[in-house]
Amino acid sequence: MLRTPLCDLLEIDVPILQAGMARTGASVTTPELVAAVSNAGGLGCLGATVMTPDHMRDQIRAIRRLTDRPFGVDLLVPRDLEGPDLPRDEVRQEIRRDYPDHWQLVQSLYEHFGVRPAGGNPDPYAISPTLIRQQVEVVLEERVPVFVSALGDPGWAVPDAHDRGVRVIGVAGAPRHAARQLRAGVDAIIAQGQEAGGHVGGMATLPLIPQAVDAAGSVPVIAAGGIGDGRGLAAALALGAQGVWCGTAFLFAREANVPDLHLQQLAQAGWADVTVSRIYTGKPGRTFDNEFKAAWRKAGLEPLPMQYQQVLMDDFCADAEAAGRHDLSENAAGQIVEMFVEQRPAAEIVDTMVAQCVATLDALARLRDGEDSEVAG
Ligand SMILES: Cc1cc2nc3c(=O)[nH]c(=O)nc-3n(C[C@H](O)[C@H](O)[C@H](O)COP(=O)(O)O)c2cc1C
């Protein structure tokens, strides 16, 4: 009842995409969550950025056991991957040697918060050209229906993906990124405003979407950043988008893998409690403003380039979580966080969003026809 051409392209029933979401050492997006969204008629998406290729493959196969509907895999494919193409252990050694102040700061924060260093993240590679190439290879080998490439430029993977029937969606945070995604040959573009949880650019959703739509021409645009209910979906459609990509709303899905402490932080958070910093990944990201971020800010050290900062913080977050200190680890969420308090089944989130969008569009039609003077909330 709410189809757009994007639904035909992705072979889904309603234009709601659950965003890929990873956290240190884990994914928010369990196979159960991805399958529940796809089974409800939307597109579920596995956030696989931090997964080893073997783990990714297992998760993709687990999703296939739970649904025969299309789904996606989201990977971080940065355009300008700074830093070396080295295993995590060697990056650690480089940090100790080349950035002793950063290494020392994190050691002092372990002590300050009473967290015992316990080996950090055990995965052999952090984000690096080697890992990304291996991850993309798994997506293509497994012929995942939709590959979402965040941050950068997936152009090098598009021909192979298309040969294997894989649709490619690129993420843009500014109109010129949309133009770059077009040149890369993507099938659709996610235009994400800075209200979003996770990595963000500098532009807000409202000015971004119509400009991305204009830049994209006949390629469908999917709106993201601050969209979590049917009113947001209706607004996105009004701006020319053909669907929405929602992260924060699905943090509150029953099937999502979010630590209880993170949910408690978010359930009490207001929009000003989710702030942008480079502390957790080296790229600007919107996360809950916890005591760890405050302590780093107080120290006044600029975070390192992406790969180094991520290795440094992956270790701290893994050790903090192993010690039960989830309150200190990365907890990404967007500015709509205050709209959500209770957990709900993912299918209910999708269904409610569709019903509210239809009601909003009906109310707007009545407004146009002069039958009503206001749009229902
Ligand atoms: C907890 C969390 C983790 C995220 N992890 C990733 C990720 O690994 N890769 C990615 O491309 N985007 C990631 N994002 C961004 C989402 O994919 C999506 O673009 C964003 O959540 C949309 O905005 P919204 O949060 O306002 O709905 C993350 C977002 C959240 C909230």
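Student: Where is R143 found?
Tutor: R143 is found in the loop between helix 6 and strand 6 (146–150). Helices here are DSSP runs of H or I with at least four residues, strands are runs of E with at least two, and both are numbered from the N terminus.

Student: What sort of model is this, and how are residues numbered?
Tutor: This is a predicted model, with residues numbered from 1 along each chain as its sequence is written. Local features need pLDDT of at least 70, side-chain atom pairs count only at pLDDT 80 or more, totals for chains, interfaces and linings use all residues, and side-chain values use heavy atoms, leaving out hydrogens and water.

Student: Back to R143. What is its phi?
Tutor: R143 has a positive phi of about 50°, although it is not a glycine. Most residues other than glycine have a negative phi.

Student: What about E11? What is its phi?
Tutor: E11 is not a glycine, yet its phi is positive, about 60°. E11 sits in the loop between helix 1 and strand 1. At 59% relative accessible area, E11 is exposed.

Student: New topic. How many salt bridges are there?
Tutor: A search of the whole structure finds 21. A salt bridge is a side-chain nitrogen of Lys or Arg within 4 Å of a carboxyl oxygen of Asp or Glu. Side chains of opposite charge can pair when their charged atoms come close.

Student: Which residue does D13 bridge to?
Tutor: R3. The closest N and O atoms of D13 and R3 are 3.8 Å apart. D13 lies in the loop between helix 1 (5–10) and strand 1 (16–18), and R3 in the segment before helix 1, so the pair ties together parts 10 residues apart in sequence.

Student: Which network is D13 part of?
Tutor: Salt bridges link R3, D8, D13 and R69 in a network. D13 is partly exposed, at 36% relative accessible area. R3 is partly exposed too, at 46%.

Student: How far apart are N and O in the R57 and E141 bridge?
Tutor: They are 2.8 Å apart. R57 is in helix 3 (residues 53–66) and E141 in helix 6 (residues 129–141), so this pair links distant parts of the chain, 84 residues apart. R57 is partly exposed at 22% relative accessibility, and E141 is partly exposed at 40%.

Student: And D229? What does it bridge to?
Tutor: R231, with 2.7 Å from N to O. D229 is buried, at 13% relative accessible area, while R231 is partly exposed, at 40%.

Student: Rings next. How many aromatic pairs?
Tutor: The count is seven. Rings of Phe, Tyr and Trp (its six-membered ring) pair if their centres lie within 6.5 Å; planes under 30 degrees apart count as stacked, over 60 as edge-to-face and the rest as tilted.

Student: Why is the pair of Y110 and F316 edge-to-face?
Tutor: Their planes are at 70°, so the pair is edge-to-face, and the ring centres are 5.1 Å apart. Y110 lies in helix 5 (residues 100–113) and F316 in helix 14 (residues 306–322), so the pair ties together parts 206 residues apart in sequence.

Student: Are those two buried or exposed?
Tutor: Y110 is buried, at 6% relative accessibility. F316 is buried, at 0%. Ring pairs link Y110, F113, Y280, F292, W296 and F316 into a cluster.

Student: Now the ligand. How many residues surround it?
Tutor: There are 20, and the closest are G20, Q192, G226, G247 and T248. A residue counts as near if one of its heavy atoms lies within 4 Å.

Student: How much of the ligand does the protein bury?
Tutor: It buries 94% of the 590 Å² that the ligand exposes taken alone. Accessible areas come from the Shrake-Rupley method with a 1.4 Å probe; for residues, only the protein chains shown count as cover.

Key:
Buried < 20%, exposed > 50% of the residue type's maximum accessible area, 1.4 Å probe, protein only.
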